[in-house]
Every structure is written in structure tokens, then in C-alpha cells.
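The paragraphs after it lead from one group of residues to the next.

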Amino acid sequence: MHHRFCAFFTILSKYKPTGGLHVIYFLEDDDSIRKLVIYGLESQGFAAGGFSLPSKFWRAMEQHPAELVLLDIMLPGMDGFAVCKELRQKSSSMGIIILTARTQEMDKVTGLMTGADDYVTKPF
């Protein structure tokens with residue numbers, strides 16, 4: 001687990017703030033995973049917010065858009081593929097990384113085709 005968690009943060013290093021504080025949002029319904037990732041992001045100098053419901057995530061995006069979104073696929077109310085597609089329609093420059101337990105090749109293809117920049121599988 002530790003090795004994959006470190007690899008995940010290596011992927012995020014390209015989003016490391018160079019001037020101002022970058023905002024990263026994580027939409028994940030599993031509290032323990034969400035809290036772990038948010039803690040890791042904050043310890044690396046990122047401003048991070050975690051959301052368990054897509055509705056809360058969208059409200060936060062309206063008030064203060066993120067530069068990078070980490071996104072689970074299996075969510076209550078709206079699946080992550082739909083969230084990804086809508087995010088990409090709103091912004092071509094926002095970073096989107098899918099972070100999910102779904103490991104099927106077709107899920108990876110779907111995630112990338114809906115606009116994700118990367119697809120990382122759990123557990124890490």
C-alpha cells in the first residue's frame with residue numbers, strides 16, 4: 001500500500017504549486033480514503049477539499065473552482081464518469097484524475113474518453 005500511495009503522489013507532483021496555492025478537490029464517498037488522501041495532499045502543501053456527495057462538490061465548484069479534481073467512479077447520485085464529462089465540458093484546462101477501485105480495461109478507456117487526464121486504481 002505504501003509504495004502505491006507514494007506513486008500516486010508522484011503523479012500529483014506535476015500539479016505542485018509554483019506561485020500560489022493550488023486547490024484540489026477529491027470527490028470520494030468512502031470517508032477513510034477521502035480523509036487519508038486529503039491529509040496527504042495538505043501535508044504536501046496543497047489546499048484540498050473532500051466531498052462525499054456530488055451535490056456538495058458542485059456547490060463548492062461554483063464558489064471556488066479547483067485546479068485539479070480527484071474523482072471516484074462509484075458515487076451516490078451521479079457516477080464519476082458523468083461528473084468527469086461535465087467537468088471537461090466546463091474546462092479544458094482543469095486537471096482530472098480518476099481514483100477508483102474499478103480496474104477493468106473498459107472502465108479505464110471510458111474514464112479517459114470522458115475527459116480524465118489519468119486513471120489510478122485503488123488500493124494504493
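F57 is buried, and W58 is buried as well, where buried means under 20% relative accessible area, exposed means over 50% and partly exposed lies in between (1.4 Å probe, protein chains only). This is a predicted model, in which local features need pLDDT of at least 70 and side-chain atom pairs count only at pLDDT 80 or more, while totals for chains, interfaces and linings use all residues. Residues are numbered from 1 along each chain as its sequence is written, and side-chain values use heavy atoms, with hydrogens and water left out.

A pair of aromatic rings is described by the distance of the centres and the angle of the planes. Rings of Phe, Tyr and Trp (its six-membered ring) pair if their centres lie within 6.5 Å, and planes under 30 degrees apart count as stacked, over 60 as edge-to-face and the rest as tilted. A search of the whole structure finds four such aromatic pairs. In one of them, the ring centres of F51 and F57 are 6.1 Å apart and the planes stand at 70°, so the pair is edge-to-face. F57 also forms an edge-to-face pair with W58, at 5.1 Å centre to centre and with 65° between the planes. Y25, F51, F57 and W58 form one aromatic cluster.

A60 counts as buried, at 11% relative accessibility, and touches Y25, F51 and P65, not counting residues up to four places away in sequence; contact means heavy atoms within 4.5 Å. Although A60 and Y25 are 35 residues apart in sequence, they are 9.0 Å apart in space, C-alpha to C-alpha.

How does α3 pack with α4, and at what angle? Helix α3 (residues 54–63) and α4 pack at an angle of about 10°, with their axes 13 Å apart; axes are lines fitted to C-alpha atoms, for helices over the stretch in contact, and angles run from 0 to 180 degrees between N-to-C directions. The two helices α3 and α4 are therefore roughly parallel to each other, since angles under 35 degrees count as roughly parallel, over 145 as roughly antiparallel, 65 to 115 as roughly perpendicular and the rest as oblique. The contact is made by F57, W58 and M61 of α3 together with V83, E86, L87 and K90 of α4.

Side chains of opposite charge can pair when their charged atoms come close. A salt bridge is a side-chain nitrogen of Lys or Arg within 4 Å of a carboxyl oxygen of Asp or Glu, and a search of the whole structure finds six salt bridges. One of them joins the side chains of E28 and K122 (2.5 Å, N to O). This pair links distant parts of the chain, 94 residues apart, with E28 in the loop between β1 (23–27) and α2 (31–43) and K122 in the segment after β5 (118–121). Both E28 and K122 are buried.

Another salt bridge is formed by the side chains of D117 and R88 (3.2 Å, N to O). D117 lies in the loop between α5 (105–113) and β5, and R88 in helix α4 (residues 80–90), so the pair ties together parts that are 29 residues apart in sequence. D117 counts as partly exposed, at 40% relative accessibility.

Note on methods: Helix = DSSP H or I, 4+ residues; strand = E, 2+ residues; numbered from the N terminus.
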